[in-house]
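Here is a short report for a reader who is new to this structure. It covers aromatic pairs, cores, a sheet and some helices.

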Amino acid sequence: MALALSPSPSLPHAHVSQTFPPMSILRRISLLNLKPQRRHLATLAAAAVRQDTTVWTPAPLVEISPAAESLFHISIDISDAPDIGSSHTRAGQYLQLRVADVGKPTFLAVASPPSFASASGAFEFLVKSVAGSTAEVLCGLKKGDVVEISQVMGRGFDVDRIQPPDEYPTVLIFATGSGISPIRSLIESGFSSKERSDVRLYYGARNLKRMAYQDKFKEWESSGVKIVPVLSQPDGNWSGETGYVQAAFSRAKKIFNPQGTGVVLCGQKQMAEEVTSIVLAEGVSSEKILKNF
C-alpha cells in the first residue's frame, strides 16, 4: 500500500496536505521493524492492553452443587452490582468470569432468566468441569469464595423474530450437553410458549447421569414445552429416543407449516449445522433460526 507521507517532488514549494495512515497501520509498521523476539513481546503487550479494557466486578459464590455428571449448578451473588444484573436483558446472553490466580477467564451463558437477577440478586449458571480449564477451578471452589465477572454480553436469542405466536405456532428447540443452560433461560423467561400449538425441546446427552435439569422438566412442560430427551449412550432400561438429537428430529420431522416455524439452537457445532440443513431443506426461513452468538 502506498502511503502519502511527503509532498510531490515535482512541486517542491507547493503546500500539500499530508495524509497519515491509521494508527493501526503505524503500529504494524513499528512491529515489523522489531526483531522477532521483541516483536512477540510487543504483540503480547498490545494484547494485554486490549484485555485490560474489561471491567471486572468481584462477586461471591452462594451455591455450588452437582447438576449432573461433570456439570455443576453455580449461583453468584450480584446484589452489590445491580448494573450487571440489569445488563442481562435477553435469554442466551453470557459473561466472562475469572478466578484468582488463574490467568484465562471463561465464558459462561447465564442459565437463569433475565427477571431472576432483579428478583433474587443472583445469576445462575450450568458449568461443565473440563480438566485443566478455568471452569474446573471454578467448580472446585466453595460457597463464599469470590470470583470476578464482566458485564453481560452478546445479543442472546432474538425471539422477536418468531413473534407473534399465532404466526409462528411451531418452535423447535435443540440443545446438547451444557448447551441447555441458555435454553433454560429462554424457557423460563417465557416466549409465549403456551400460546403456541407445537413447542418441542430436543435435548441430547450421553446418558441420564449427564442430563441436567431433569427436575425442571415438569415445570417446563406445564409452560407449554414438550421435552424430548435423546440419549446417545443409554443404559438398557431406556425406552426413549436414542442417538443424536438431529437424528431423532429427522426421524420425527413433523414440520407442518415451515413458514410458521421458528428454530432455536444451542450446543455442539455439528448438531447445529445438521439441524440447520434439515430445517432449511424443509422450507424454514434462515431468518427464523435463532442462535445466541
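Phenylalanine 174 counts as buried, because its relative accessibility is 0%. Buried means under 20% relative accessible area, exposed means over 50%, and partly exposed lies in between (1.4 Å probe, protein chains only). Tyrosine 202 is also buried, with a relative accessible area of 4%.

This is a predicted model: local features need pLDDT of at least 70, side-chain atom pairs count only at pLDDT 80 or more, and totals for chains, interfaces and linings use all residues. Residues are numbered from 1 along each chain as its sequence is written, and side-chain values use heavy atoms, with hydrogens and water left out.

**Aromatic pairs**

Rings of Phe, Tyr and Trp (its six-membered ring) pair if their centres lie within 6.5 Å; planes under 30 degrees apart count as stacked, over 60 as edge-to-face and the rest as tilted. By this rule there are 8 aromatic pairs. In one of them, the rings of phenylalanine 174 and tyrosine 202 have centres 5.3 Å apart and planes at 10 degrees, so this pair is stacked. The pair links distant parts of the chain: phenylalanine 174 is in strand β7 and tyrosine 202 is in strand β8, 28 residues apart. Helices (H or I, at least four residues) and strands (E, at least two) are DSSP runs, numbered from the N terminus.

Phenylalanine 217 and tryptophan 220 form a tilted pair, 6.0 Å centre to centre with 40 degrees between the planes. Both lie in helix α7, 3 residues apart, about one turn of the helix. Phenylalanine 217 and tryptophan 220 are both buried. Together with Tyr203 and Tyr213, Phe217 and Trp220 form one aromatic cluster.

**Cores**

A nonpolar core is a set of buried Ala, Val, Leu, Ile, Met, Phe, Trp, Tyr and Cys residues joined through side-chain atoms within 4.5 Å. Which members of the largest core touch the most other members? They are Phe157, Ile173, Ile180, Ile183 and Leu201, out of 32 residues. At least two residues of this core come from each of β7 (170-176), α6 (180-189), β8 (198-205), α7 (217-222), β9 (226-231) and β11 (261-266). Apart from this core lies another, of 22 residues, among them Ile74, Ile78, Val110 and Ile149.

Contact means heavy atoms within 4.5 Å. Not counting residues up to four places away in sequence, phenylalanine 157 touches residues including Arg90, Pro182, Ile183, Leu186, Val264 and Leu290.

Threonine 134 sits in helix α5 (residues 134-139). Proline 165 lies in the loop between β6 (146-149) and β7.

The C-alpha atoms of proline 165 and serine 197 are separated by 8.8 Å, although the two residues are 32 residues apart along the chain.

Two strands pair if DSSP finds at least two bridges between them. An open sheet of 6 strands runs in the order β4-β3-β6-β1-β2-β5, with antiparallel pairing. Its edge strands are β4 (106-109) and β5 (122-128), each pairing on one side only. Within the sheet, 2 bridges join antiparallel β3 (residues 94-98) and β6. Arginine 98 stands opposite glutamate 148 in β6.

How many residues of α6 are buried? The helix is mostly covered, with 8 of its 10 residues buried. Among them are Ile180, Pro182, Arg184 and Leu186. Just after α6, glycine 190 takes a positive phi of about 85 degrees.

**Helix α8**

Helix α8 (residues 245-252) has Val245, Gln246, Ala248 and Phe249 as its buried residues. They cover an arc of only 160 degrees around the axis, so they lie on the same side of α8. That arc is taken from the directions from the helix axis to the C-beta atoms. The cover over these buried residues includes β7, β8, β9, β10 (241-242) and α9 (269-281). Just after α8, lysine 253 takes a positive phi of about 40 degrees.
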